[in-house]
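Start with who touches whom, then turn to the geometry.

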Amino acid sequence: MKKVAVVGSFVVDLMARTPHLPEPGETVMGSYFKAGPGGKGANQAAAAKKAGSELVFSTKIGTDSFAEIARNSFESNGISLEYVFENSQAPTGAALISVDEGTSQNEIVVVLGACSTFADEDIKKLEGALKGCEYLLLQMEINPDATEKLIRLANEMGIKVILNTAPVQKLSEELYPMLELVTPNEVEARILTGIACDDPEGCRKAAQAFFDKGVKHVIITIGKRGVYYNDGKREEIISNYDVPVVDTTGAGDAFNGGLLAGLSQGMDLLSAARYGNVVSNLAVTKMGTAPAMPSWEEIQEFIREHKVEL
């Protein structure tokens, strides 16, 4: 088992299901509401841990009532609190999520709060935790200066960096050559490269644009079509499975966490991507984000049942 790490956000998801997503100025009667753990970093960490990885996780929370939701979630998923930092001056992050109960599409507003206040002393504390890690998975949902410092630190330590480019924002060009892998979705890939990923040729061109920036490997999640994989030598469309879709909110996070778990278990990148796709397909069959991430046993059963070749 290879040691891996996730550093990123925690927010409390405030999720409502509604007959349709509201237009500007419209009030819609919802049918269901739930508050629970979320945030891209925490979701990906939960997915990775439950899918079978040796994991180090770090985030930053406030000292408010939402912070208890964070701690309870981490403990229930077997995630250590050692590198969960606190900021008494900022609230724990929150996300307002509306889900269309007919199409399972969603709209999300995120207020990052404490997890946008990673400081130099926090990153210094992480140096010891990252020792021995082979991969570090990052997103763009903490303060950008901290993301950049973590990329540089991992690069100096010889740790391979996976960057999930969400929520999408501009990244310094000099950081791209420090990335082992980028995992945008099709919208993020288009924004970062200017190339639409509407078909395999578009995905190929977008991947090449990332290669030209210095990235070593590219995986683009392409919604209902599955996952586009390109390591510079081989490309593949990893198709989704026929599963009952209940909630797509955490699908990308499930994929990234599952991918990391596959790498932690010693899989090569393509096999890990197929494993991540299984995790994502299972996650969308349940409500919520972190609570919807499947267990290792559920993943193995799905692999057997669908005769998945990793």
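In helix H7, Ala-251, Ala-254, Phe-255, Gly-258, Leu-259, Ala-261, Gly-262 and Leu-263 meet Leu-269, Ala-272, Ala-273, Tyr-275, Gly-276, Asn-277, Val-279, Ser-280 and Ala-283 of H8. Contact here means heavy atoms within 4.5 Å. The contact of H7 with H8 divides into 12 nonpolar, five polar and no charged residues. Ala, Val, Leu, Ile, Met, Phe, Trp, Tyr, Cys and Pro count as nonpolar, Asp, Glu, Lys and Arg as charged, and the others, Gly among them, as polar.

The model is predicted: local features need pLDDT of at least 70, side-chain atom pairs count only at pLDDT 80 or more, and totals for chains, interfaces and linings use all residues. Residues are numbered from 1 along each chain as its sequence is written, and side-chain values use heavy atoms, with hydrogens and water left out.

Now the geometry. H7 spans residues 251-264 and H8 spans residues 269-283. Their axes come within 7 Å and cross at roughly 140 degrees. H7 and H8 are therefore oblique to each other. H7 passes H8 in a right-handed crossing.

A second pair follows. The axes of H3 (residues 120-130) and H4 (residues 144-157) come within 11 Å, crossing at roughly 30 degrees. That makes H3 roughly parallel to H4 (angles under 35 degrees). The crossing of H3 past H4 is right-handed. H3 contributes Asp-120, Ile-123, Leu-126, Glu-127 and Leu-130 to the contact, and H4 contributes Ala-146, Lys-149, Leu-150, Leu-153 and Met-157. By class, this contact of H3 with H4 has seven nonpolar, no polar and three charged residues.

Conventions: Axes fitted to C-alpha atoms, helices over the stretch in contact; angles between N-to-C directions. Helix = DSSP H or I, 4+ residues; strand = E, 2+ residues; numbered from the N terminus. Parallel < 35°, antiparallel > 145°, perpendicular 65-115°, else oblique. Left-handed = near helix turned anticlockwise from the far one by under 90°.
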